[in-house]
Amino acid sequence: MADNTTSDSIHGYRSDKERSITNDEYACLYSPELQDRQQVPTFKQNQFDKNAQKYWDQFYKRNTSNFFKDRHWTLREFNININESMKLFEVGCGVGNFLFPLLNEIPNLSIYACDFSSTAIELLRQNSNYDPQRIQSFVCDLTDDNEIAIEENSIDLCSMIFVLSAIHPDKMSSVLKKIHKVLKPDGYLLFRDYGLYDHAMFRFARQRQHKLSDNFYVRQDGTRAYFFSIEYLTNLLNACQFHIDELSYVFKDTVNVKEEICVPRVFIQGKFKKKKT
């Protein structure tokens with residue numbers, strides 16, 4: 001959900017082809033000699049999973065509402081029309097960087113919003129733009145055995161923006177099935193997350209004991225990030241009964257102002273429809 005790259009200029013394009021990597025980059029990720037150095041011990045992996053909520057609470061206590069920029073690109077990037085009669089659900093709402101710009105653009109729109117972190121929900125509700133008449137926010141752990149506290153087949157549009165990557169791969173399918181259940185037939189899931197061979201993936205791979213499993217890494221603060229390939233995500237969505245309308249990598253060269261370097265960022269973005277039964 002978060003990394004420490006900031007930018008002052010962004011240029012990007014989309015493709016269904018993976019980013020080409022150098023021999024050195026390939027060795028960084030897959031060299032047998034580096035695997036033991038990179039791998040997090042099993043006991044620590046279990047602790048990261050067990051304490052995931054605590055690490056995100058600590059993240060928001062430390063950064064409050066200052067870390068993420070507001071996302072004013074939703075309607076443009078996903079090329080969708082949203083009207084005030086639609087029911088929206090944001091999964092992993094954080095402190096409102098997605099929903100506040102959207103509510104400002106569409107008067108009288110209302111939205112459900114949940115997050116794993118109780119601290120994030122508290123900060124969301126403290127925002128001066130928070131309107132309880134338009135926002136129904138709640139804490140929700142999508143990885144537990146409970147269903148989402150929203151009526152089945154009632155949501156027109158659901159968003160997951162840099163959320164699924166923070167969840168253990170073994171639990172991703174059950175999370176998507178819960179979202180599928182609350183969407184209306186022909187309802188859409190809007191998705192954006194980290195893509196395979198993103199710059200951050202190599203940064204983690206070069207550090208000792210940051211790799212949890214293939215394409216899955218832990219940050220210094222205990223939060224985790226999975227880097228999706230189109231193939232992996234396609235298989236996951238098909239198993240959860242989603243029809244893929246759009247799915248591509250988004251390549252952007254991002255300038256790290258502090259370090260004065262340009263880094264290649266890779267995201268993955270899609271629009272997925274709930275199949276009619």
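Is Arg 265 buried or exposed in this structure? In this predicted model, Arg 265 is buried, because its relative accessible area is 5%, and buried here means under 20%. The points below begin with this residue, then turn to a pocket and to an annotated stretch of the chain.

**Arg 265 and its surroundings**
- Arg 265 belongs to strand S11, which runs over residues 261-274.
- The side chain of Arg 265, a residue with a relative accessible area of 5%, is joined to the side chain of Asp 198 by a polar contact of 2.7 Å.

**The second largest pocket**
- The second largest pocket holds about 300 Å³ of space, and its lining is made up of 20 residues, of which Phe 116, Asp 141, Thr 143, Ala 166 and Ile 167 are the closest to the centre of the pocket.
- By residue class, the lining of the second largest pocket consists of ten nonpolar, four polar and six charged residues.
- Helix H3, covering 42-50, and helix H4, covering 52-63, each contribute at least two residues to the lining of this pocket, and the largest share, three residues, is supplied by H4.

**The annotated stretch**
- According to the UniProt record, an unreviewed entry, residues 90-189 carry the annotation "domain: Methyltransferase type".

Note on methods:
Residues numbered from 1 in each chain as written. Predicted model: local features only at pLDDT ≥ 70, side-chain atom pairs only at ≥ 80, totals over all residues. Heavy atoms only, no water. Helix = DSSP H or I, 4+ residues; strand = E, 2+ residues; numbered from the N terminus. Buried < 20%, exposed > 50% of the residue type's maximum accessible area, 1.4 Å probe, protein only. Polar contact = N/O pair within 3.5 Å; in protein donor to acceptor, adjacent residues only side chain to side chain. 1 Å grid on protein atoms, 1.4 Å probe; cavity = no way out; pocket = protein on both sides within 12 Å on 5 of 7 lines; lining within 4 Å. Points joined across faces, edges and corners; volume = space filled by probe spheres on them. Nonpolar A, V, L, I, M, F, W, Y, C, P; charged D, E, K, R; others polar. UniProt positions renumbered as here; feature names shortened; annotations may be inferred.
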